[in-house]
Amino acid sequence: MSSTQHALGFKMARGRSEPRFRQPPWRFRLQGSETAWAVAFVIPYVAVFAAFVLYPAAYGLWMGRSPSLYGLLFSDPRYVNAAVNTLLFVAVGVNVKMFLAFLLSGYFMSRSWWVRLLLAIYLIPWALPAVVVFTSIHFMLVTQWGLLDSLWRAVTGEDGPLFLTSEWIAMAANIVSYIWKWMPFGTLIFLAARMAIPRDIYEAAEIDGATGFKRLVHVTFPLLANVYLICTLLSTVWTLGDFPTVYFVSSGAPARLTDVLATYGFREAFDFGYPNLGVAAMMSALPVLIPLVILLMRRVRATGVQL
Amino acid sequence: MSATYRSPRRRSRNSYRLRRYGVEAITIVLGILIAIWSVAPIYNMWVIALDSHDDVFSGAVWPEHPSLESFVVVVTQGFWYLANFWHQFANSFYVGLTTMFLTLLIGSLTSFTVGRLRLRHGWLLTNAALMTYVIPASFLAIPFYRIMQIYGLTNNLWSVIAALVTFATPYAIFIFSQYGKSIPMELDESARIDGANPWQIYFRIYLPLMAPALVAVGTYALLLAWNEYLYNFLMLSTPQSMTVAVALAQFLNSDESPWNFMMATAIIYALPPMILYYGFRRYMAAGLTMGGVKG
């Protein structure tokens, strides 16, 4: 686990010395030529932000400006279905992922050589391209000759079920795939946060009789609560726009019943040629997205957590 | 006397040992489950890739006649979907490396100006970056596509590079600002007294001291660019301009079901990120805890 410890070296050293940003006593004002330099230095980012964030965002708002688009959307049962699926996908996927990641980070605290080896294997899904792993999972499920059905046949001697013909199994497959891909990353974050907890806190807790489960609930969890909350919020926001999982694992099967907002909007825009409707579908998530973003940004600022 | 005194102690030691073995056993079982869980889809890729073309989906858990034929086909571009494979591979590298370079350059310049030169209203930039960071990239995809048409960049690798730099730079700015705080301002001050201009301070003092953060963010940007799919797919549509990610997903439109070639391509495509990941794991983990919660 040297990598994470190495990482913590930075964090702890900094965290102790300056909890908040402080103004240096010898604060200077930028002088003429230096201001010119400073402006020149930020021009690239300002240009990127204006050309590739502001302009597309404004263009998107303009594309989705007509109220009739939303009337059209809400009258489409597939849209309503996609919206419900998105909520399900985010609510179950993110929470299960975070909770399991939290528990597993405790498992990976062990220093034995094989747990370290296991950690290296466990993190592979995170490093691999989404197209690759999700297509592979798709092949495990589609048809009756995928790996899962083959195993089923090897064990029971009968043909296995067709997974992607059932809406619920297909949706579950999407969620499980999402967890499979992103849980390692959550675990890594928790692992780093756990390693930042000083040993003496645990020792003090042990003297007070808090061990095992009690220690997890009353010591570890409160100390990680902030990281947990921020990670959950951030994952929620990102997962609302998650595209590749559903696009590759179930690809909407059966009959587009497992579409989420991102894949629905994408198909409306590029397969059926209604880009404005696609944009409107994405924009309909804004009432959920904006409060979350505000909450997240406030939380980040209030706690000074390094995002 | 001594026996009656000792026996409860020994019993407790025995039960302690028993419990420890129990915990050990559970740990090992859990470890095996985690390993199977992590590896299953990757194993599946190998099974399909090692199948010969007729055996794909024969329903075997391990192919009866494993062969490396499909890898040979991919490497020699021997299938019509793969006619431009190495060209596309080079495209992926081009996109990845350019994205990495631009992200490092723009990110470090911005955080240097905001954090070290203390440009007035610099916090506006940090907030803009934070906003970009938390908004899902797919929400901007459709208007982004339109705008690239307006800019005349469709089917151009630069449109993908633009998108990736846009979404990687905010993370870079965070990491650099966080890490930059650990570099004493006195260094800048003394350089300034010696007559260095801001560019010299940036290039001679700031960048060399930021090396660990640069490595972490560079790895991150390269992985992001290599693994990204949506924007690649939207912007690139001809075989000459495609990256491997797009070419790979093209197989799914095929009626011939050349899945073994597809999975062999996927494995080759996944090799660079794996190498990068194992080579730079230490730095990437450092990057994560330095600042990041970004996947």
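What pattern does chain B follow when read along the sequence?

1. **Ground rules.** This is a predicted model, in which local features need pLDDT of at least 70 and side-chain atom pairs count only at pLDDT 80 or more, while totals for chains, interfaces and linings use all residues. Residues are numbered from 1 along each chain as its sequence is written, and chains are lettered from A and ligands numbered from 1 in the order in which they are written.

2. **The pattern of chain B.** Along its sequence, chain B reads α-α-α-α-α-α-α-α-α-α-α-α. That comes to 12 helices and 0 strands. Helices (H or I, at least four residues) and strands (E, at least two) are DSSP runs, numbered from the N terminus. Chain B has 295 residues, and 48% of them are buried. A residue counts as buried if 20 or more other C-beta atoms lie within 10 Å of its own, exposed if 12 or fewer, and partly exposed in between, with the C-beta atoms placed from the backbone. Among the contacts in chain B with a separation of 6 or more, 78% join residues 24 or more positions apart. Two residues are in contact if their C-beta atoms, placed from the backbone, lie within 7 Å.

3. **Chain A.** In chain A you will find 15 helices and 0 strands. Of its 307 residues, 43% are buried. Residues 24 or more positions apart make up 73% of the contacts in chain A with a separation of 6 or more.

4. **Where the chains meet.** How many residues does the contact take from chain B and from chain A? Chain B supplies 78 residues and chain A supplies 80 residues. On the side of chain B that touches chain A, helix H12 (residues 259–290) of chain B gives the most, with 14 residues. That side of chain B divides into 55 nonpolar, 18 polar and 5 charged residues. In this count, Ala, Val, Leu, Ile, Met, Phe, Trp, Tyr, Cys and Pro are nonpolar, Asp, Glu, Lys and Arg are charged, and the others, Gly among them, are polar.

5. An automatic or database domain assignment is the source of the domain bounds; for chain B it gives domain 1 (2–50) and domain 2 (73–290). The C-alpha centres of these two domains of chain B are 41 Å apart. The largest nonpolar core has 176 residues, and Leu164(B), Val217(B) and Leu248(B) touch the most other members. Such a core is a set of buried Ala, Val, Leu, Ile, Met, Phe, Trp, Tyr and Cys residues joined through C-beta atoms within 7 Å. Helix H9 (residues 167–195) of chain A contributes the largest share of this core, 16 residues. Both domain 1 (2–50) and domain 2 (73–290) of chain B give residues to this core, so it lies between them. Leaving aside neighbours within four places in sequence, Leu164(B) is in contact with Thr99(B), Leu224(B), Ala225(B), Glu228(B) and Tyr231(B).

6. Helix H8 (residues 198–209) of chain B has 12 residues and reaches 15 Å from its first C-alpha to its last, close to the 16 Å expected at 1.5 Å a residue; the expected span is 1.5 Å times one less than the number of residues. Which residues of H8(B) are buried? They are Pro198(B), Ile201(B), Tyr202(B) and Tyr206(B). Seen down the axis of H8(B), the buried residues fall within an arc of 95 degrees, so they line one face of the helix; the arc is that of the directions from the helix axis to the C-beta atoms. These buried residues pack against helix H2 (32–63) of chain A together with H3 and helix H7 (185–193) of chain B. Phe203(B), Arg204(B) and Pro208(B) are exposed on the other side of H8(B).

7. **Ser108(B).** Ser108(B) lies in helix H3 of chain B. Ser108(B) is buried, with 23 other C-beta atoms within 10 Å. Apart from neighbours within four places in sequence, Ser108(B) is in contact with Phe176(B), Leu207(B) and Met210(B).

8. **Two loop residues to look at.** Phi of Ala255(A) is near 50 degrees, a positive value in a residue other than glycine. Ala255(A) sits in the loop between helix H12 (244–249) and helix H13 (261–271) of chain A, and is exposed, with 10 other C-beta atoms within 10 Å. For Arg118(B), also not a glycine, phi is positive, near 55 degrees. Arg118(B) is in the loop between helix H3 (85–115) and helix H4 (122–134) of chain B, and is partly exposed, with 17 other C-beta atoms within 10 Å.
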